[in-house]
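Please look over the sequence and the model shown below before reading on. The report that follows goes through the strands, the helices, the core and the aromatic rings in turn.

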Amino acid sequence: MSESILTLAEEKLAEIIWRTAPVASPELVNIAYQELGWKKSTTYTVLRRICDKGIFKNDNAVVTVVLTYGQLQQHQSRQFVASTFSGSLPKFIAAFVGGGKLSSKEAHELVQLIEAHQEVD
């Protein structure tokens with residue numbers, strides 16, 4: 001998948017697609033006009049960009065979801081940690097906490113999350 005961080009325009013159209021998919025692209029043009037005031041050319045340009053990012057697919061004038069919103073968030077989070085913290089989740093968490101304190105509930109939730117996703121040696 002190519003770079004997947006969405007621009008504001010892409011995010012607006014993506015929200016419509018996630019809500020309505022599968023959707024015929026002419027119907028998507030109508031919805032984008034009604035909700036966003038976009039012209040047909042704008043909708044198709046933005047649609048092409050988000051399809052190029054691998055989030056949606058426009059096949060035979062029907063737009064379908066390739067990545068759910070949750071899957072996109074997972075991909076973007078992993079990409080951010082990889083590019084900013086050399087892939088180190090502990091470095092990311094240390095930076096995120098940044099000298100602050102975690103509540104007991106937050107610490108407990110993190111421990112549970114780690115245990116649930118820990119590889120068995």
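## Strands and their pairing

Strand 1 (residues 23-24) and strand 3 (residues 62-65) pair in the antiparallel sense over two bridges, where helices (H or I, at least four residues) and strands (E, at least two) are DSSP runs numbered from the N terminus, and two strands pair if DSSP finds at least two bridges between them. This is a predicted model, in which local features need pLDDT of at least 70 and side-chain atom pairs count only at pLDDT 80 or more, while totals for chains, interfaces and linings use all residues. Residues are numbered from 1 along each chain as its sequence is written, and side-chain values use heavy atoms, with hydrogens and water left out.

Strand 3 also pairs with strand 2 (residues 56-59), again in the antiparallel sense, over four bridges. Val 63 in strand 3 stands opposite Val 23, and Val 63 also stands opposite Asn 58. Strand 2 and strand 3 form a hairpin with two residues between them, and in the turn Asn 60 has a positive phi of about 50°.

## Helix 2 and its two sides

Helix 2 (residues 25-36) has twelve residues, which should span 16 Å at 1.5 Å a residue, and its end C-alpha atoms are 15 Å apart, which agrees; the expected span is 1.5 Å times one less than the number of residues. Which residues of helix 2 are buried? They are Ser 25, Leu 28, Val 29, Ile 31 and Ala 32, where buried means under 20% relative accessible area, exposed means over 50%, and partly exposed lies in between (1.4 Å probe, protein chains only).

The buried residues of helix 2 pack against helix 1 (8-20), strand 1, helix 3, strand 2 and strand 3. Ile 31 lies in helix 2 and counts as buried at 10% relative accessibility. Leaving aside neighbours within four places in sequence, Ile 31 is in contact with Ile 16, Arg 19, Thr 20, Val 23 and Leu 36, where contact means heavy atoms within 4.5 Å. Just after helix 2, Gly 37 takes a positive phi of about 75°.

## Helix 3 and its buried face

The 13 residues of helix 3 should span 18 Å at 1.5 Å a residue, and the end C-alpha atoms of helix 3 are 18 Å apart, which agrees. In helix 3, the buried residues are Thr 43, Val 46, Leu 47, Ile 50 and Cys 51. Seen down the axis of helix 3, its buried residues fall within an arc of 135°, so they line one face of the helix. What covers these buried residues includes helix 1, helix 2, strand 2 and strand 3, and helix 3 is followed by Gly 54, whose phi is positive, near 85°.

Thr 43 is found in helix 3 (residues 40-52) and is buried, with a relative accessible area of 1%. Not counting residues up to four places away in sequence, Thr 43 touches Leu 13, Leu 28, Val 29, Ala 32 and Trp 38. Ile 31 and Thr 43 are twelve residues apart in sequence, and in space they are 9.7 Å apart, C-alpha to C-alpha.

## The nonpolar core

In soluble globular proteins, nonpolar side chains tend to be buried together. Here the largest nonpolar core has 19 residues, and those with the most contacts inside it are Leu 13, Ile 17, Leu 28, Leu 47, Ile 50, Phe 56 and Val 63; a nonpolar core is a set of buried Ala, Val, Leu, Ile, Met, Phe, Trp, Tyr and Cys residues joined through side-chain atoms within 4.5 Å. Helix 1, helix 2 and helix 3 each supply at least two residues of this core.

Leu 13, leaving aside its neighbours within four places in sequence, is in contact with Leu 28, Ala 32, Trp 38, Thr 43, Val 46, Leu 47 and Ile 50.

## Aromatic rings

The structure holds six aromatic pairs, where rings of Phe, Tyr and Trp (its six-membered ring) pair if their centres lie within 6.5 Å, and planes under 30 degrees apart count as stacked, over 60 as edge-to-face and the rest as tilted. The rings of Phe 80 and Phe 92 have their centres 6.2 Å apart and their planes at 85°, so this pair is edge-to-face. Phe 80 lies in helix 4 (residues 69-84) and Phe 92 in helix 5 (residues 89-97), so the pair ties together parts that are twelve residues apart in sequence.

Phe 80 is partly exposed, with a relative accessible area of 42%, and Phe 92 also counts as partly exposed, at 24% relative accessibility. Ring pairs link Phe 80, Phe 85, Phe 92 and Phe 96 into a cluster.

Definitions and conventions:
Arc of directions from axis to C-beta.
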